[in-house]
Amino acid sequence: MSTKGQLVLGGLELGGTTIKCAIALDHPTNVIVQKSFPTNDPDSTLNQAYKFFEGYKIASLGVGSFGPVDLNPRSKTYGFITSTPKSGWQDCDVLGRFKKLGVPTGFQTDVNAAAMGEYAHGNHGAIDSCVYVTVGTGIGAGIIINGQPLSGLMHPEAGHILVARHPQDAYAGHCPFHKDCLEGLANARAVADRCNVHPSALSSIPDSHPVWDIEAFYLAQLCSSLAMTVSPHVIILGGGVLKRSILFPKIRTTLVKLLNGYLRVPRIIDETDKFVVSSRFEVEDSKTSAGCVGVLELARQVASRSKL
């Protein structure tokens, strides 16, 4: 395929289980090639990704990675995965592996990249803030404020906030750091453990099972905390667990109950279905994902800045 005269964007989603490489032409949603590899050791995994991008004349590259990562451009370890529990990946220089491509490269957390994709291309209307939450093997939140990903001393780790326990929940929690933080109580493994199934078998749990009320209770607390701290225009919920569509009305109803009239904002009280939403990229016929579009949007932004 000829790409002469077109802006060729490269995007890399580096996940703890799988990495995804993508190429788009001119626009982050115009994805022409996608390829996935298992996340093994850093050398073999990142070499596969490098060889993929080496085969295209990309103008720029956007990378979204599992973490924790160093996002400070002034830091000596900018572009590194730092203290991850994933074996072999501690203190890994991700960005450095792609310097030989000789193109402008942007680096973000995987969830911040997904939030960038939702903010720019998720069809959420005229907004300048949003939060993208993924609930799967882990729980993470990417936050966009005034059109920019939020990071301060480090990036947000909303999956590890402490939450009040559901009165009928006897599950101990399994986070190795906090035990019963949000991730320890509400990720895919926590749902599966309560039902004595493997996380890959979540689809076998019926909608009527009380575990979904427990799950909604915890995710509604996250939405409540986000509403009262970062005050986003919209919260997008994604990831494998949120493929269970009955969770959305349960989360919205519980959110309103938790707020108890304190935030008298019509979008939250009367239009909760517009405040807590699913991702347009996570429907059955979608050919891409918020994360993929997000890393390509990051590539578009760094390409644009390099021309200034």
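Leu 255 is a handy place to start, and it lies in helix α6. In this predicted model, Leu 255 has a relative accessible area of 0%, so it counts as buried, the cut-off being under 20%. Leaving aside residues up to four places away in sequence, Leu 255 touches Ala 220, Cys 223, Ser 224, Thr 272, Phe 275 and Val 276. Val 276 sits 21 residues from Leu 255 along the chain, with 9.5 Å between the two C-alpha atoms.

Ala 220, Cys 223 and Ser 224 are among the α5 residues that make the contact with α6, and Leu 255 is among the residues on the α6 side. Helix α5 covers residues 211–229 and helix α6 covers residues 247–259; their axes come within 8 Å and cross at roughly 55°. The crossing of α5 past α6 is right-handed. On the α5 side, the contact also includes Trp 212, Phe 217, Leu 219 and Met 228, while α6 brings in, among others, Leu 247, Ile 251, Leu 258 and Leu 259. Sorted by class, this contact of α5 with α6 has 12 nonpolar, three polar and three charged residues.

Asn 260 is placed in the loop between α6 and α7 (266–269). With a relative accessibility of 67%, Asn 260 counts as exposed, since the cut-off is over 50%. Asn 260 also has a positive phi, about 55°, although it is not a glycine.

Helix α2 (residues 110–121) and helix α9 (residues 290–306) have axes that come within 6 Å and cross at roughly 80°. Since angles of 65 to 115 degrees count as roughly perpendicular, that is the label for α2 and α9. From α2, the residues that meet α9 include Ala 113, Ala 114, Met 116, Gly 117 and Ala 120; their partners in α9 include Ala 290, Gly 291, Val 293, Gly 294 and Leu 298. By class, eight nonpolar, five polar and two charged residues make up the contact of α2 with α9.

Most residues other than glycine have a negative phi, and most peptide bonds are trans. Asp 26, which is not a glycine, has a positive phi of about 70°. Asp 26 is found in the loop between β2 (18–25) and β3 (31–38), and its relative accessible area of 41% makes it partly exposed. The peptide bond from Gly 67 to Pro 68 is cis, with omega near 5°. Pro 68 belongs to the loop between β4 (60–65) and β5 (80–81).

Stepping back to the overall fold, the protein chain has nine helices and 12 strands. Its radius of gyration is 19 Å, close to the 19 Å given by the globule rule for 308 residues, so the chain is as compact as a globular protein of that length. The C-alpha trace spans about 55 × 40 × 40 Å along its principal axes. Of the 308 residues in the protein chain, 51% are buried. Among contacts with a separation of 6 or more, 61% come from residues 24 or more positions apart.

How values were computed: Residues numbered from 1 in each chain as written. Predicted model: local features only at pLDDT ≥ 70, side-chain atom pairs only at ≥ 80, totals over all residues. Heavy atoms only, no water. Axes fitted to C-alpha atoms, helices over the stretch in contact; angles between N-to-C directions. Helix = DSSP H or I, 4+ residues; strand = E, 2+ residues; numbered from the N terminus. Left-handed = near helix turned anticlockwise from the far one by under 90°. Contact = heavy atoms within 4.5 Å. Nonpolar A, V, L, I, M, F, W, Y, C, P; charged D, E, K, R; others polar. Rg over C-alpha atoms; globule rule 2.2 N^0.38 Å. Buried < 20%, exposed > 50% of the residue type's maximum accessible area, 1.4 Å probe, protein only. Parallel < 35°, antiparallel > 145°, perpendicular 65-115°, else oblique.
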